[in-house]
Amino acid sequence: LVVGDVRGRFKQLFQRVEQVNKKAGPFEILCCVGDFFSDDKQNEELIAYKNGFKHSKYIYYWSYLILYKLFTSLVTVPTYVLGPNKKEHTKYFADLADGEICTNLTYLGRRGVYTLSSGVKIAYLSGFEAVNAAESSPSEHEFTKADVIAVRNSCLVSKNCSTEYRGVDVLLTSQWPYGMQEKENANASKLVSFLCREIKPRYHFCAINGTHYECAPFRMPKDETTQFELCTRFISLADVGNPNKAKYIYALSLKPVDKSRLLDLVQKTTNEISCPFIGLDLGGAVSKNDSSENRQYFYDMEGGNRKRQGGENNRRDKRPRIPQIDQEKCWFCLSSPDVEKHLIITVGEHFYVALAKGPINKYHVMILSTKHVPCAAQLSPEDWEELDKFKAALRKFFKSLGQVVCFTERHYKSVHLQINVLAFEEGYAWKIKHSFEDKAEEFNLEFETLPALDSVKMLPEMGPYFLAELPDNSTLITRQMKHFPIHFARDVFCSENLLNCDEKVNWKECILERDEEVAYVDDFRKAYAPFDFTDD
């Protein structure tokens, strides 16, 4: 639930919320944008709630800041409010322990990103744009360019499911964005417009001007963070209890962007309008270099810094480049001092098996070449023979556990041959191919189905590719690698149809302590020992 300016009408608000919650709930959260407090006399209405006198006609006008520390609140839905928009209201947000105003009523803070237990991400920005937005120490009821950049960066680094940014679920601001009915909103903020364009929320709620306004959805332009044009719905809510009975409360049910089908996020509707922020003159509020149209914020483990470089002498060379690799600095070459040797399970002549960094489960391992080889397509016959032996041994091992195994290789933004090995209960074998097909549809990828991969000649001689060897002895392969999602295989494995653990899509979110890694390696080595041909 989201409501507009409350302005001290607490009783009316919470009674209405209780009605909506009983009729259409339960709701996970109530968010309040705009002015939550008003003059002192109206604020004292909150006393009755904190004393349990919700139905009393008599209200004790005592200091609510003292009383609600003593009584249990009757606020039925966890409620989160934005900060002050006026200097006079800052006193109500002073000296709050962990932001708690009272039980079930919390001050979100100056700005940030709040993630619900369901995974829904809510970006928020309190207050009004400072007159001098570049200053470093604004008043408590104001925000600056630094605040906006901080929210933007928090959203971008929280991306999860792929190399492409998917946006956030909700943006909460009190102030309107510039470019949206600016003639009726003299106080609209250009920094809010910039933030909305950058983080691409599915819903943007604001208030302050006392009117309900909801325009048709529009799409944010693609930029360096994503190739997708993501849809935003802008909604301004009226004051609680306004005499015109304009809409002041909005209910919505959201599936988090990180768990949504990409097809649902990019599919266009018939009533869309042009994005009001395209070509907007921000009048010095932000510089050109601050925009994602000109910068890149994502750094991949294998890909490095992808910042664009401008200038006549730095034009992109479109000729294919052959990477020059120093094996002493490669993370995976066995001779490199950077190899985390405590992850190694067993070593052959040409390959070794190691626990995956940031494993999905304790038996998630990788097959890696001991010397520097960029991909399986460049293996010698001797290399291929040993690789087959490792795969056969791992299939037998997992079969002894009642599991089937899937092997995947991504020769794209990876400088060393890495084959991911993950097993599933035998009953899930038929689901694996369907799960790959579903994710391929989400990312608009086309796969070719080949028979069992038994020769290096079945692989592309040149260029990047992705392949998956399935338990049914078929192989899925694609060379459609432009903007290929780095975590595609993990996206499939962690999907609802298979392991149902979306929170593990990004390997960086699954990093273990060294002691845990050592324990996983020891357990795997002991269980795998009867199948380990390298001991022969």
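The accessible surface of the chain comes to about 26000 Å², and carbon and sulfur atoms account for 48% of it; such areas come from the Shrake-Rupley method with a 1.4 Å probe, and for residues only the protein chains shown count as cover. This is a predicted model, in which local features need pLDDT of at least 70 and side-chain atom pairs count only at pLDDT 80 or more, while totals for chains, interfaces and linings use all residues. Residues are numbered from 1 along each chain as its sequence is written, and side-chain values use heavy atoms, with hydrogens and water left out.

Of the 536 residues of the chain, 53% count as buried, where buried means under 20% relative accessible area, exposed means over 50%, and partly exposed lies in between (1.4 Å probe, protein chains only). The chain has eleven helices and 23 strands; here helices (H or I, at least four residues) and strands (E, at least two) are DSSP runs, numbered from the N terminus. Among contacts between residues at least 6 apart in sequence, 70% join residues at least 24 apart, a contact being heavy atoms within 4.5 Å.

Leaving aside neighbours within four places in sequence, leucine 125 is in contact with several residues, including Leu82, Phe143, Asp147 and Val192. The C-alpha atoms of leucine 125 and valine 192 are separated by 8.6 Å, although these residues stand 67 residues apart along the chain. Histidine 411, found in strand β19 (residues 403-411), is also buried, with a relative accessible area of 15%, and, not counting residues up to four places away in sequence, histidine 411 touches Pro374, Cys375, Gly463, Pro464 and Tyr465.

Charged residues come next. Side chains of opposite charge can pair when their charged atoms come close. The structure holds 17 salt bridges, each defined as a side-chain nitrogen of Lys or Arg within 4 Å of a carboxyl oxygen of Asp or Glu. In one of these, the side chains of aspartate 239 and arginine 7 meet at 2.7 Å, N to O. This pair links distant parts of the chain, since aspartate 239 lies in the loop between β14 and β15 and arginine 7 in the loop between β1 (2-3) and α1 (10-24), 232 residues apart. Both aspartate 239 and arginine 7 are buried, and Asp5, Arg7, Asp35 and Asp239 are linked in a network of salt bridges.

Aspartate 147 forms a salt bridge with arginine 110, with the closest N and O atoms 3.3 Å apart. Aspartate 147 counts as buried at 6% relative accessibility, whereas arginine 110 counts as partly exposed at 24%. In another salt bridge, arginine 525 pairs with aspartate 522, the closest N and O atoms being 3.4 Å apart; both residues lie in helix α11 (residues 514-528), three residues apart, about one turn of the helix.

Finally, the loops hold two residues with a particular backbone angle. Lysine 245, in the loop between β14 (231-236) and β15 (249-250), has a phi near 55°, a positive value in a residue other than glycine, and lysine 245 is exposed, with a relative accessible area of 77%. Asparagine 473, in the loop between β22 (465-469) and β23 (475-478), has a phi near 70°, again a positive value in a residue other than glycine.
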